[in-house]
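Me: Got a model open here and I'd like to talk it through. Can you walk me through it?

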Amino acid sequence: MVDPAGIRTPEQLMHQLRSLLEHSRVAPQQLARSAGVSENTVRAMTRENAPFPQQSTLEAVVTACGANAKLWTDAWHRANDARPRPDRSGGVQAVQAQLDRLTETVKRLAAQVEQLTAERATAKNEDRIREARQERAYRRFLLALPEPRFTEVTWVPRGGTSSIPMSGHTFWEPDQPSYLSGPVYRDLEAIRNLAAKQDGLPKLFAAVDALSFPVVEPRYRNSPPGAIDGVMPVHRAGVDAYFAAVRACARRYFAELDEDTPPGPR
């Protein structure tokens with residue numbers, strides 16, 4: 001039989017409380033619902049080294065078990081009075097020590113915040129400088145980008161009439177070393193599209209380096225080739241010079257981005 005009258009210490013209270021819960025034969029879930037507490041609270045009371053309960057929690061649980069709440073409340077007060085109290089000697093000094101430690105922590109955190117703020121401001125300033133440098137370099141790239149001025153060449157007969165027995169047919173060839181105009185103008189349009197946006201310049205640089213145009217070969221026919229053949233030659237030297245200039249512009253752009261300080265006017 002559980003008798004709370006003899007309880008004098010917290011250990012006795014918790015031991016008797018465990019015994020009460022065991023003898024109640026009520027499931028923890030149902031007991032928790034009747035007491036208005038959580039099931040975890042009830043289950044915790046049944047374990048060794050359970051925490052000392054609040055008075056209101058104890059009253060609700062023992063009442064749900066059908067025990068006399070008044071006897072258990074009196075036992076709770078005796079056990080609570082017997083609980084060890086923290087040493088309050090030097091309390092003012094202990095509180096002051098805690099305040100000092102807290103103050104040091106706040107100062108340290110404030111210094112860290114100040115440092116992070118300065119680093120962030122520096123990073124933002126560096127970003128602004130980098131963006132300004134990129135913008136200036138891009139504007140200079142656009143100003144330096146040459147205009148394509150390709151010269152179409154004419155067809156001339158080579159060595160008279162061919163020995164191949166096809167009356168009136170002649171070998172025609174460009175009067176200057178030439179490229180086929182179709183691939184040249186196609187790649188020129190691609191370069192213009194890439195140059196229209198700053199983020200397209202890396203691709204532009206790679207594209208110009210990879211350019212290779214078909215060389216115009218002599219044609220065998222009875223009249224000079226023309227637009228009807230889709231074979232219009234453009235002067236090779238002019239094409240090479242143009243794309244070499246574009247490549248140089250791109251190279252200067254990337255060189256400016258690698259400088260440690262923003263480039264000045266040129």
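Me: What does pLDDT do over residues 260-266, and how many contacts beyond four places in sequence does the model have there?
Reply: pLDDT, the predictor's confidence in each residue from 0 to 100, stays under 50 over residues 260-266. The model has 13 contacts beyond four places in sequence for that stretch, a contact being heavy atoms within 4.5 Å. Where pLDDT is low, the predicted coordinates should not be read in detail.

Me: What are the ground rules for the rest?
Reply: This is a predicted model, so local features need pLDDT of at least 70 and side-chain atom pairs count only at pLDDT 80 or more, while totals for chains, interfaces and linings use all residues. Residues are numbered from 1 along each chain as its sequence is written, and side-chain values use heavy atoms, with hydrogens and water left out.

Me: Where else does pLDDT stay under 50?
Reply: Over residues 160-165, with seven contacts beyond four places in sequence. For the protein chain, the mean is 83, and 88% of residues reach 70 or more.

Me: Which elements have the lowest and highest confidence?
Reply: Strand 1 (residues 155-161) is lowest at a mean of 70, and helix 5 is highest at 93. Helices here are DSSP runs of H or I, at least four residues, and strands are runs of E, at least two, numbered from the N terminus. The protein chain has nine helices and five strands.

Me: Switching to packing: what's in the largest nonpolar core?
Reply: That core has 22 residues, and Leu13, Leu17, Leu20, Val61 and Trp72 have the most contacts inside it. A nonpolar core means buried Ala, Val, Leu, Ile, Met, Phe, Trp, Tyr and Cys residues joined through side-chain atoms within 4.5 Å; buried is under 20% relative accessible area, exposed over 50%, partly exposed in between, using a 1.4 Å probe on protein chains only.

Me: Which helices supply it?
Reply: Helix 1 (10-24), helix 2 (28-35), helix 3 (39-45), helix 4 (55-64) and helix 5 (69-82) each give at least two residues. The largest share, five residues, comes from helix 1.

Me: And what does Trp72 contact?
Reply: Leaving aside neighbours within four places in sequence, Trp72 touches residues including Val2, Pro4, Ile7 and Leu58.

Me: Is Ala244 buried or partly exposed?
Reply: Ala244 is partly exposed, with a relative accessible area of 38%. Ala244 sits in helix 9 (residues 236-257). Ala244 and Val208 are 36 residues apart in sequence and 8.3 Å apart in space, C-alpha to C-alpha.
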